[in-house]
Amino acid sequence: MSDLQGYADVLTAARRELKAVPPLTDSFPELDQATAYQVQRLQRAGAGALAGWKLGVTSRAKQKQVGIDAPVYGYLAAADALDLGEPLVVAQQIQPRAEPEIVLVMGRDLAGAHVTAADVLAATSAVAVGIEVLDSRYENYRFTIPDVVADNTSAGRYVVGTPVPVAGIDLRLVGVVLEHNGEVFGTASGAASLGHPAAAVAWMVRALAEHGEGLRAGEIVLSGGLTAAVPLAAGDVVVAGIDRIGSVELACV
Amino acid sequence: MPLTDAPAKARLLYEARRDRTAIPPFTDADPTLGMADGYAVQSELTKLLVADGEEIVGYKVGLTSKPMQKMIGVDSPDFGPVFASTVYRDGDSIPLSRFIQPKIEAEIVFVLGERLEGPGVSLTQAARAVAGVAASVEIVDSRFADWRIKLADTVADLASNGAVATSSRLVPLADVDPRLIGMTLTRNGHLVDTGAGAAALGDPVAVVAWLANTLGANGIAMEPGHLVMTGALHAAVPMAAGDVWRADFDRLGPVTLRVVEGTTEETK
């Protein structure tokens, strides 16, 4: 266990000092996913108030590429939220990349080993457009799945737009456009996250249930990146637009 | 020099289409061939097909996404005619035998309600001329071996058009923002890819304006009822017999195609 705390400390220090480190599996090749989640939980314990959760590797194509058949999850520290209109200070990140996401706002607690997408939607009070700023603590985003789990699934900063009621919106089909400096960088529909964003969140609730955890009312869930992630530099602006939900703009300084 | 042998090249493509046998790309023998050479061949090939009784019912626009343009090394789209004999309906079976090496692309299609003639067509004029927008898929096919195409080759080959299938549900443009229409493509129920309208030139309406202005420069007008296939919203995917493809568009509905082996006699 003290070893695991050491790994958690390495990642926490990398985050604080803005200095990327080699993947943990370079020196700890037997690191498996379950152990990696322990390393993640050790960091979570020191992360302060939680705003919610996030999913990663939700694209089936990406899963196939890295040889897994399920996504991964991480936590969102309240301190990492960017407010609407607040710029991202690139110099305070290691290697930031932006992804458009559908954000679910939980209207009530939700936990259980048999939760489905329908349960998730019933417990969701609103949805919003989000931009997640990934920031891997590993050099050049080189990592295995256990590595990225230990690194809280590359969670960096995030911004959440105006929530709107989810009733009547088919999250599977909504169109998603990510613009980078005024040009279309990528497009998708909500199905890009595990076939349906609510199915991705349901998977996470079931995974959390293994540890006796779940979602709480008021928490947000970033339900998975919907396009490829765009690298960010000072002076960049990214806009995520999602049909029926709205748009969010993020300026980088 | 290259332009003068456009009729001969058109004849080679005409025979490749008829015999369903791929030929070496024209740019193998002459790498200097460019876009103008391609359109000169396309124009001759179109004449041959129209002489056979084919009817132009619209156009497809290709190379509308930045990744595709980068791959071919251009910074503008290309176009080719869509012929009546290649138009399928939602739910149809489509015979593989009709093609050489087909791939499927989900696209937004516009149907013109008014005549539209460039040059000088603006986005708002293009939008005004559109009667409605619908879900569609395009089957792209190349008459060149192994899809080993450069710009002049694909332009000559009717912009690699094979067939199209469209939904009959025509949605007024006033009710939708085509940039944000989401699309989910499945094969046999499994998710293959997703996209949104903005993948086509940033705005599918811009594709209509580009086409009107490009055709207009050659004195060609688009007519009421013409289809405009606005370009793939994702990377094209090879098709196989037994596949059931479904492109589901938010606000527009789905298009479903069943792929069957077929025989050359069954072609429409």
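**Two chains, strand by strand**

Let's start with one residue: Gly52(A) stands opposite Leu76(A) in S2(A). Gly52(A) also stands opposite Ile220(A) in S9(A).

Some ground rules. This is a predicted model, where local features need pLDDT of at least 70 and side-chain atom pairs count only at pLDDT 80 or more, while totals for chains, interfaces and linings use all residues. Residues are numbered from 1 along each chain as its sequence is written, and chains are lettered from A and ligands numbered from 1 in the order in which they are written.

Helices (H or I, at least four residues) and strands (E, at least two) are DSSP runs, numbered from the N terminus. Two strands pair if DSSP finds at least two bridges between them.

**Chain A**

S1(A) and S2(A), residues 72-77, run antiparallel and are joined by 6 bridges. With S9(A), residues 220-222, S1(A) runs parallel, over 3 bridges.

Buried means 20 or more other C-beta atoms within 10 Å of the residue's own; exposed means 12 or fewer; partly exposed is in between; C-beta atoms are placed from the backbone.

Zoom out. Chain A has 7 helices and 12 strands. Buried residues make up 50% of its 253 residues. Its C-alpha atoms fill a box of roughly 50 × 45 × 35 Å along the principal axes.

Most residues other than glycine have a negative phi, and most peptide bonds are trans. Thr153(A) is not a glycine, yet has a positive phi of about 50°. Thr153(A) lies in the loop between helix H6 (145-150) and strand S6 (155-160) of chain A. It counts as buried, with 23 C-beta neighbours inside 10 Å.

Arg244(A) has a positive phi too, near 75°. Look in the loop between S11 (237-242) and S12 (246-251) of chain A. Arg244(A) counts as buried, with 20 C-beta neighbours inside 10 Å.

**Chain B**

Chain B has 7 helices and 13 strands. Its radius of gyration is 17 Å, close to the 18 Å from the globule rule for 268 residues, so chain B is as compact as a globular protein of that length. Of those 268 residues, 49% count as buried.

Which strands form the open sheet here? The order is S4-S13-S12-S8-S9 (chain B), with mixed pairing. S4 (93-95) and S9 of chain B stand at the edges with a single partner strand each, so one side of each has no neighbour in the sheet. S4(B) pairs with S13(B), residues 253-260, in the parallel sense over 3 bridges. There, Ser93(B) has Arg258(B) as its bridge partner.

Follow the chain on. Arg98(B) sits in the loop between S4 and S5 (103-112) of chain B. Arg98(B) is buried, with 20 other C-beta atoms within 10 Å.

The peptide bond from Gly118(B) to Pro119(B) is cis, with omega near 5°. Pro119(B) lies in the loop between S5 and helix H5 (123-129) of chain B.

One helix to mention: H3(B), residues 35-51. Its 17 residues reach 24 Å from first C-alpha to last, close to the 24 Å expected at 1.5 Å a residue. That expected span is 1.5 Å times one less than the number of residues. Its buried residues include Tyr39(B), Val41(B) and Leu45(B).

**Where the chains meet**

18 residues of chain B are in contact with 18 residues of chain A. Contact means C-beta atoms, placed from the backbone, within 7 Å. On the side of chain B that touches chain A, S8 (182-187) and S9 (190-196) of chain B each supply at least two residues. S9(B) gives the most, with 4 residues. The residues of that side divide into 8 nonpolar, 6 polar and 4 charged. Nonpolar covers Ala, Val, Leu, Ile, Met, Phe, Trp, Tyr, Cys and Pro; charged covers Asp, Glu, Lys and Arg; the others, Gly among them, are polar.

Methods:
Two residues are in contact if their C-beta atoms, placed from the backbone, lie within 7 Å. The radius of gyration is taken over C-alpha atoms; the globule rule is 2.2 Å times the number of residues to the power 0.38.
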